Amino acid sequence: MRALGRQGRTGLALLAVITAAAVYGLLLPDSAGTARIGEPYAPPGPGLPLGADDLGRSLLDQLLVGAATSLGLGFLVALVVTALAAVIGGAAAIGPRWLSSLIMRSIDVMLILPELILFILAAAFLGQSFGIRVAILVVLMWPVPARVLRAGMLTAWSRGHLEVARAMGAPRWWLLLRHGSYLIGPLLIPVFVRAAMRAILYDATLSFLGLGDPTAPSWGTTLYWVQVNGVFLSEAWVWWALPPGLAITLSVLALALIGTAVEERLNPALKEVPA
Amino acid sequence: MRRILEYGAVVVIALLLNFLLPRALPGGPMKLFGSPEALSRLTEAERAQIAQQYGFGRPLPEQFADYLTGVFTLDLGTSLSDGRPVAEAIGEALPWTLLLVGTSIVITCVLGVALGVLGALRRRRGGGAGLLGTAIVLDSLPAFWLGMLLIVVFGVQLNVLPTYGAGTLAHLVLPVTTLVVTGLGYFFLYTRSSMLTVLTSEPVQHAHARGVPYGRLVRRHALRPALLPVHTIVLMEIGFLAGGSIVIETVFAYPGLGRLTFGAISARDYPLMQGAFLVLTLMVVAMNAIADATYPLLDPRARQ
Amino acid sequence: MKYSAVLVFALVATLAACSGAPAQRPAAQAAKTVTIAISSDEGTLTPFTNESGYPGDNLVKLIFDTLLVQKGESVAPSLATAVETTDNKVFRLPLRTGVTWQDGRPFTAADVVFSVEFYRENLSGDSAIDVRPIRTVKADGDAVTMTLAAPDPEFPLRILSDMAMLPKHLWESVTKVNEAGTDKAIGTGPFRLTAYDKERGYTLTANPGYFGGKPKVDTVKVNVIPQETTQFAALRTGEVSLSVRNVPPQQRASLQSQPNIGIAEGTEFASTMLQFNTTRPPFDRAEVRRALAKAVDVRDLVKTALLGQGTPGNPGFVHPESPVGGPALPPLFDVEAAKRELDALGAKPGPGGVRTLDGKPMSYELLVQSTSTDRLRSAELIRDMLKNVGVEIKVTSLDPDSLDTKVWPDYDVKKGRNYDLTMWGWSAPVMQTSSQIVSLFDSDPEDGNLNIGGFADAGVDKAIDELKATTTPEKRAEAAAALQQKIAEQLPFLTLYYRNGAYAYRKDAYAGWTWQNGLGVLHSGSFVG
């Protein structure tokens, strides 16, 4: 813990709180956030710490239940995307030339695909369950990080001592295991943070364009209904619009703080950088 | 030669997908030919006749052949929704998108990279941490959310800027701001990370040990390798955004390619969709090709 | 330091929330320029190239005139000065003289005959009208005589007041109607289309020689603003003078509190319903449909999802103020009765409180359009209501095209259907005349072209045949009432509500908007007279 420094500890604490909220949200009964327990548009009061939405349902419950969905989605997507991008990007960087070409050109094709259409197709033919949303986001998001990681890997691979080792006949896989981790590691962190964040934002944006599932609880869904209800033009924005917005921001902030701390930990040389 | 063949293959596959995906969407262009209530009165033969007359009812291979011929003769067909040539519709929208995207990219890139380098160099001081925090927070705002907020604040409350449309410089301010603010974080974080990696690399460390002055160290030894991967993402971002930002153009009712594309998708206007995707395809492929081709020029060591 | 950005965010949001109070300016009865915001492009504004019924058809009708116009529940003269008929089968229409097309050519009976024949040949287009009931059309001097295949007392309202007249000299050369350009957008109406491009939208200029008098607005600009929030923001700043979007109930109060914004409101005939797939068990049994319908409180839907801005649905479908008429039947809602009837059907509660009917758990999927906020909310409320009686509903939101593909593939009821339950809605014209209404229920797919639930009932078919045989307005209203009674018993769908129309406009820009049931505020009556 101490090794992460003050920044990292702040991030960890923040993330722990949000994760705890998400876990609590998971443990809430099914009716949480969907039961009509107050007057529509009720301001905060007893039993409704954050007031009620347009149907009279607890906004706090929706925030908690949404935390589980949004955070879970973000983490899962980021994890898979980062792993996939590292493997594919790595293979493209140090693999044989035909493999590299194949991967790079497949990435090009993936990048060209109009993603809106993929979303509509997937929603129409596969449905909109949590797993499918994760899968689609992964399919759409892996190419950019893979390309970026390949570029980073190429730079790392051409460093002096690795070239010497290769010239001396060290197998590629061994070099990769021995040195690759700390060369690639710092690059993975922004990729992970970015992917987690984009997954959460994407989900909200799709709802906004009418392509999401506005009945499934998530922070993005709450923001969608905020917009439908014109909440920003009323005083309700304090308890309705701000909490999900802040929740997204704080989650990403926590991730980023941990990210930078781990970056320094993984790469001890950073400590000696003149600053 | 090999490279040209490779990109040729990418373009062909992309063209095929651009042709097939729109047709895989649920529904079809029939809805452009009347309200559902009116269409429901048409007989099978009457529907078939319309589909045949406007082309989308002909056999797929025939349509694809037409599309391919069109791509090479620059005749992209006629939009099913308003009967205009597709090339004309795209020609009208493209300059608006390039104006919006070009302005945004230049500002985002210059600001993001400069601040990223600064953030890496000053990472131990308060300023660096503040930059990092601000960048992360800005980056975490959904673009549509920020756009709405800017409209409400600067359009409705302060009433100093137009809320929608295009034509004057004032119309550009809000959409460009939204694009810059939401795009800045990525460039910042990436540049910062890349810069830090380079600062810890052996050549730079050696130079430091040799007593090279700090300013020169950064300028001569760190900056160029650090900006290499950044160069890749800048080019890729240009490629994407040339297709227009659907969200931003929708929010600000901006008459660019993104809105044209979104409209074409909603209308199931096959020829217009194909045309819009073609522009996107060509831009992305061109930018990727440039990135690949220029990479070895910038980093001599990557020439294997 | 890091948290400063969070503070900035909060500060901006605070700024957004506090509002200044602009001064109130006088309401304008005439205007140089009025800017109307629409949500998507409408093509070249000819009867064959507009993209939507509303507002596309309304805009087309500012350029093109019809023989009659809708006024109140009846019709009034327009290009025709009267309707002469004795048997509701042969209609003689004396035409207004001295009317010219916007390009200066005179409007004649030959144009009317041409228009009918042209619509007969060209069936596609949002404002193209189905003229097949007209058997013959003849010009004699300054009058036109149309003979129908069968007597139809609703013919003037349904067809004559909806069929835009086309100038023969411009349209006789058109072969691909869907590609008709702006040069074909020439009518006799109060406005001329003077500019159209995607960047600046449309410019409509007043037609000084309009037979109904010079319009009170010189120029109507029509701009496309896809996003609802942006439309209302532009309305608040005054960049837009009228938004064609029905104001969401949730935003009504805040818009109305603005000093320069007025809201024109009235009855709309668009309907929202819970549609059963009556070809799929157990919804093929009227008892099951009735029991489920009794568990749905339509008043609560209006109160909660529409915040009271609507009329609870008549189980017999017809809006109480529709020209079709007939007494509105009482709501069916009765939870205890719903439970009793389900018990009587042998549907006993199983594990988790979900009933089992014929060996299958009563668990169904309810489809809803992801773009329609009131339907989304209503679907969620219906899920909770049905849960109370032991029926489990899974709400699935889909984009409208995907939903249509499941519910109404190719807009052809003969192609079948694949759903349990769906939220659905019909546009206003379906509610206007009983000959449209019967197409919702007729078991013959040719006549029941809107029967998306595959509903078939001999008693209802008989009531429809009786209705079609009527030749006078009075007899037809009676038959329509009898049909409604049957529908309320059979319930091929449960009519949930009719949203009220509420359109926000700038009083300081132009306040002459007048409401016409079935059309809203966007029609020539708002600009002339």
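In the predicted model, Thr203(C) has Lys221(C) of β9(C) as its bridge partner. This pair belongs to an antiparallel pairing of β8(C) with β9(C), joined by four bridges. Strand β8(C) spans residues 201–206 and also runs antiparallel to β7(C), residues 191–197. Six bridges join β7(C) to β8(C). Opposite Ala206(C) of β8(C) stands Phe191(C).

In total, 57 residues of chain C are in contact with 52 residues of chain B. The most come from α1(C), with seven residues. By class, this side of chain C has 21 polar, 20 nonpolar and 16 charged residues.

Chain B also touches chain A. Here, 54 residues of chain B are in contact with 47 residues of chain A. Several helices of chain B each supply at least two residues to the side that touches chain A. Among them are α1 (2–24), α6 (126–139), α7 (143–157) and α8 (169–199). Helix α1(B) gives the most, with nine residues. The side of chain B that touches chain A divides into 36 nonpolar, 11 polar and seven charged residues.

How values were computed: Residues are numbered from 1 along each chain as its sequence is written. Chains are lettered from A and ligands numbered from 1 in the order in which they are written. This is a predicted model: local features need pLDDT of at least 70, side-chain atom pairs count only at pLDDT 80 or more; totals for chains, interfaces and linings use all residues. Two residues are in contact if their C-beta atoms, placed from the backbone, lie within 7 Å. Ala, Val, Leu, Ile, Met, Phe, Trp, Tyr, Cys and Pro count as nonpolar, Asp, Glu, Lys and Arg as charged, and the others, Gly among them, as polar. Two strands pair if DSSP finds at least two bridges between them.
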